[in-house]
Amino acid sequence: MENTLEFWFDFTCPYAYMASTRVEALAEAIGARLEPKPILLGGLFRSIGQPDNLAASLGAAKARHGADDVRRNAALWEVPLTYPPGHPRRTVTALRALLALGEPMMPLVHRFYRAYWVDGVDISTEAGVAQVLSEAGLDPAPILERAKSDTIKDALRTRTDEAVSRGVFGVPTFALGKILQFGQDRMAVFGAAAGGYGLDGSPPPAYPRAPIDFWFDYSSPFSAIAAARAEALVGASLRMRPVLLGGIFRDVGMVNLPMQAMSPPKRVWAGHDMARQAKEAGMVFRWPSRFPMRTILPLRMTLAAGPDTEGGRALIRAFYKAYWTDDRDIADPEECAAIATEAGLDGPALVAATDAAEIKAKLITNGSEAVAAGVFGAPTFVVHHADGQRSLYWGNDRLEMAIRAADGDTRVR
């Protein structure tokens with residue numbers, strides 16, 4: 001098992017399509033045997049109580065970012081990709097045909113992915129599946145006939161049930177021994193052959209990097225991790241933008257506690273992934289006993305200190321450490337004053353400044369500006385390009401992509 005890289009997939013997922021283009025190289029690079037595991041994504045979703053068409057359940061801003069993220073990833077991975085009409089299309093016939101053919105499976109996997117995402121072949125129909133099989137030099141008739149058998153139907157159902165039992169909640173998902181990773185961007189956890197968003201280590205560009213707004217709230221764990229990385233990676237072009245995340249959620253129609261709205265297996269994986277990201281950022285990360293936390297006071301104090309001043313940056317670091325490492329109550333005025341004082345500022349004066357009308361108004365204005373920029377969660381990075389356009393990147397794991405855009409990489413605009 002330790003030397004086997006398992007790859008769960010369905011043809012309807014663009015990220016699984018991207019993953020399929022590199023998964024064989026990854027398995028070879030890490031010395032593992034690749035085990036393709038086709039599953040019916042809709043069946044998986046129904047088993048864990050997730051909507052069949054996940055994209056359709058997202059708010060407008062998040063759906064727009066999702067579409068941009070697919071486009072950017074496809075460009076970085078140099079994968080041609082076009083959404084077919086009627087996406088997502090049913091793939092059960094294609095998946096059963098794949099199982100009916102048996103091993104080696106990956107050559108036909110590549111053909112089905114290309115048919116769906118490049119050539120516009122409707123693999124939801126027998127005719128479309130037959131076309132793919134014929135172009136692969138196979139006789140479609142016996143394969144399609146076997147695909148209708150109870151044996152093959154049971155095999156697809158069994159694989160999908162196994163995925164549920166293993167904690168899989170979407171595709172692509174990979175397992176190497178006990179390590180379970182979700183998403184083509186997490187392939188890099190297993191080995192560099194999978195690529196990723198990391199910068200190449202070259203010096204910063206000679207021209208000024210485009211400004212990057214970093215929208216954050218102390219209540220967001222991934223914002224805490226991003227804050228531990230952003231200053232060093234981005235440099236002087238980083239602009240800190242504190243915002244009340246609950247207000248953003250209200251304005252864009254999202255649930256107030258996104259992690260609690262996840263399916264149980266996704267929530268478990270997200271917790272592990274969060275810990276991994278924090279460790280990679282060199283951050284001591286502990287889930288606080290007071291969650292969710294009311295953060296209006298520290299956010300206003302940050303505005304009063306000036307988030308882009310030296311003192312303001314020190315205060316931001318101090319509040320994140322206080323909450324996400326030391327489990328301190330950053331809703332308590334006395335505790336907040338002490339945290340600010342420890343950071344070298346006048347803590348009591350900053351607490352008093354939060355009653356000023358202009359500070360209260362600034363936090364509200366920040367919220368309105370964030371929504372207008374397309375922000376729907378935190379951390380969010382908004383790059384301001386020289387041509388007046390903006391591009392938005394959500395999540396600590398998209399910071400490197402935002403930097404690429406700020407450095408002029410048009411593939412990720």
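**Enclosed space and ring pairs**

Modeller: The residues that line the largest cavity are Phe-214, Ala-227, Ala-230, Glu-231, Leu-238, Met-240, Arg-313, Ile-316 and Arg-317, where a cavity is a set of points on a 1 Å grid over the protein atoms alone at which a 1.4 Å probe fits but cannot get out, and lining residues have an atom within 4 Å of a point. This is a predicted model, in which local features need pLDDT of at least 70 and side-chain atom pairs count only at pLDDT 80 or more, while totals for chains, interfaces and linings use all residues. Residues are numbered from 1 along each chain as its sequence is written, and side-chain values use heavy atoms, with hydrogens and water left out.

Biologist: About how much space lies in the largest cavity?

Modeller: Grid points are joined across faces, edges and corners, and the volume is the space filled by probe spheres set on the points. With a threshold of 30 Å³ or more, the count comes to 1 cavity. The space in the largest cavity is about 40 Å³.

Biologist: Which helices and strands each supply at least two residues of that lining?

Modeller: Helices (H or I, at least four residues) and strands (E, at least two) are DSSP runs numbered from the N terminus. On that basis, the elements that each supply at least two lining residues are helix H10 (221–234), strand E6 (238–242) and helix H15 (310–324).

Biologist: Are the rings of Phe-169 and Phe-182 stacked, edge-to-face or tilted?

Modeller: Rings of Phe, Tyr and Trp (its six-membered ring) pair if their centres lie within 6.5 Å, with planes under 30 degrees apart counting as stacked, over 60 as edge-to-face and the rest as tilted, and the count comes to 25 aromatic pairs. For Phe-169 and Phe-182 the centres are 4.6 Å apart and the planes stand at 50°, so the pair is tilted.

Biologist: Is Phe-169 buried or exposed?

Modeller: Buried means under 20% relative accessible area, exposed over 50% and partly exposed in between (1.4 Å probe, protein chains only). Phe-182 has a relative accessible area of 23% and is therefore partly exposed. Phe-169 has a relative accessible area of 3%, so Phe-169 is buried.

Biologist: Which ring does Arg-22 lie over?

Modeller: A charge sits over a ring if NZ of Lys or CZ of Arg is within 6 Å of the ring centre and within 35 degrees of the ring normal. At 3.9 Å from the ring centre, Arg-22 lies over the face of Trp-77.

Notes
1 Å grid on protein atoms, 1.4 Å probe; cavity = no way out; pocket = protein on both sides within 12 Å on 5 of 7 lines; lining within 4 Å.
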